[in-house]
Amino acid sequence: MPQSHHSHSGQFCKHASGTLEEVVIEAIRKGFDTFGLTEHVPRYRVEDLYPEEEGMSIDSLRAQFDAFLTEAHRLKAKYASQINLLVGLETESITKVDLDELDALLASSGDRIEYLVGSVHHVNGIPIDFDKETFVKALESFNQTGSEVLSEARVHDTMEAFLCSYFDSQYELMRRFHPEVIGHFDLCRLYNPCLRFRDYPGAMERIHRNVQYAVEYGSLFELNAAAFRKGWDASYPGEDVVEIILATGGRFALSDDSHGPHAVGLNYHRLPDYARRAGISEVWVLERPTTPNRNAAGRGLVPRRVSNPWSEHPLWSRGQ
């Protein structure tokens with residue numbers, strides 16, 4: 001204890017820092033017992049590359065991801081006596097191409113990919129977490145009037161269409177791939193943390209649908225501490241979504257969503273208070289079962305409830 005199911009490194013993610021091994025060493029130093037290595041899947045269109053990837057080809061992104069899997073499994077073996085490393089990936093859902101290519105990637109990779117963090121970072125093909133300007137562009141893509149000045153009703157309808165599109169993409173991702181961990185469930189309100197989903201009936205309907213579906217096939221919902229460094233006073237998901245997940249019988253797992261060794265366990269000291277405030281009394285962790293067992297997606301990691309008092313590890317008292 002503790003664990004993280006979601007991380008990145010500068011070696012394989014251009015907006016992160018440090019090598020994958022440096023990330024692992026820092027996780028060991030901080031006392032993690034389980035740590036998930038989950039680089040982004042490749043993107044498959046040049047127009048979907050980020051500015052820091054300028055000059056990279058689609059083929060080089062594919063090669064980079066394959067190199068990640070090789071290095072992750074090398075580290076898993078090298079540090080097996082000190083930490084339980086899980087090797088997975090974080091999804092993209094920009095267009096149907098990404099989902100079709102993920103199908104092919106999973107088929108060709110076999111057990112090298114142990115689990116998925118199911119995340120959506122784009123709406124209408126536009127990034128929603130890159131910066132505020134790009135987020136606004138994604139939101140405005142649902143403005144059907146073409147006018148820069150909208151009535152209050154049109155502003156509401158534009159936001160609802162945006163939210164509904166996000167949650168529809170999330171549902172399709174879950175339906176096709178049954179990710180073991182649902183990544184930052186409510187990333188769609190990154191720049192609007194006070195947004196109340198109950199003000200958008202279409203979005204609320206989809207949230208209930210998505211949560212119900214994930215619970216039925218056995219997914220975990222991550223408590224993602226990255227929201228704290230984004231200025232939230234909560235992790236992802238916010239309390240209103242947590243309430244729905246708990247009422248539906250959902251389970252939570254911990255994630256730091258670190259983007260380099262400097263961010264391993266960042267703001268984890270704030271998670272226990274948030275969990276208590278939101279009514280979360282237990283957390284779960286993915287593990288390799290002692291007897292052969294396959295989850296709903298046909299992969300080999302299954303959830304286990306953390307039996308020890310999860311909030312009593314010394315890491316929680318270290319302000320960082």
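## Terms and model

Buried means under 20% relative accessible area, exposed means over 50%, and partly exposed lies in between (1.4 Å probe, protein chains only). Helices (H or I, at least four residues) and strands (E, at least two) are DSSP runs, numbered from the N terminus.

This is a predicted model: local features need pLDDT of at least 70, side-chain atom pairs count only at pLDDT 80 or more, and totals for chains, interfaces and linings use all residues. Residues are numbered from 1 along each chain as its sequence is written, and side-chain values use heavy atoms, with hydrogens and water left out.

## Overall build

The protein has nine helices and 13 strands. Its C-alpha trace spans about 60 × 45 × 35 Å along the principal axes. The radius of gyration is taken over C-alpha atoms, and the globule rule is 2.2 Å times the number of residues to the power 0.38. For 320 residues, a compact globule would come out near 20 Å; the protein has 19 Å, which agrees.

Of the 320 residues, 55% count as buried. The protein exposes about 13,300 Å², and carbon and sulfur atoms supply 49% of that area. Accessible areas come from the Shrake-Rupley method with a 1.4 Å probe; for residues, only the protein chains shown count as cover. Contact means heavy atoms within 4.5 Å. Among contacts between residues at least 6 apart in sequence, 75% join residues at least 24 apart.

## Nonpolar cores

In soluble globular proteins, nonpolar side chains tend to be buried together. A nonpolar core here is a set of buried Ala, Val, Leu, Ile, Met, Phe, Trp, Tyr and Cys residues joined through side-chain atoms within 4.5 Å. The largest core has 82 residues. Those with the most contacts inside it are Phe-35, Leu-89, Phe-162, Leu-163 and Phe-221. Helix 5 (residues 152-177) gives the most to this core, with eight residues. A second, separate core of nine residues includes Leu-86, Tyr-115, Leu-220 and Trp-284.

## Helix 4

Helix 4 covers residues 132-140, and Thr-134, Phe-135, Ala-138 and Leu-139 are buried in it. Seen down the axis, these buried residues fall within an arc of 145 degrees, so they line one face of the helix. The arc is that of the directions from the helix axis to the C-beta atoms. An α-helix has 3.6 residues a turn, so residues three or four places apart point the same way.

On the other side of helix 4, Glu-133, Lys-137 and Glu-140 are exposed. The cover over its buried residues includes strand 6 (122-123), strand 7 (126-127) and helix 5.

Val-241, Val-242, Ile-244 and Ile-245 are the buried residues named in helix 8. They cover an arc of only 160 degrees around the axis, which puts them on the same side of helix 8. The face turned away from that side carries the exposed residues Glu-243 and Ala-247. The buried residues of helix 8 pack against helix 6 (201-217), strand 9, strand 10 and helix 9. Just after helix 8, Gly-249 takes a positive phi of about 90 degrees.

Helix 9 (residues 271-278) buries Leu-271, Pro-272, Tyr-274, Ala-275 and Ala-278. Their arc around the axis is only 165 degrees, which puts them on the same side of helix 9. Asp-273 and Arg-276 are exposed on the other side. Strand 9 (220-224), helix 7 (226-229), helix 8 (239-247) and strand 10 (251-255) are included in the cover over the buried residues of helix 9. Gly-279 follows helix 9, and its phi is positive, near 90 degrees.

## The His-15 and His-259 pair

His-15 is found in the loop between strand 2 (7-8) and helix 1 (20-29). At 40% relative accessibility, His-15 counts as partly exposed. His-259 sits in strand 11 (residues 258-259) and is buried, with a relative accessible area of 14%.

A polar contact is a pair of N or O atoms within 3.5 Å; within protein, one must be able to donate a hydrogen and the other to accept it, and residues adjacent in sequence count only if both atoms are side-chain atoms. The side chains of His-259 and His-15 make one at 3.4 Å. Another polar contact, of 3.4 Å, joins the side chains of His-15 and Glu-52. Leaving aside neighbours within four places in sequence, His-259 is in contact with His-8, Cys-13, His-15, Ala-16, Ser-17 and Arg-229. His-15 and Gly-260 are 245 residues apart in sequence and 9.4 Å apart in space, C-alpha to C-alpha.
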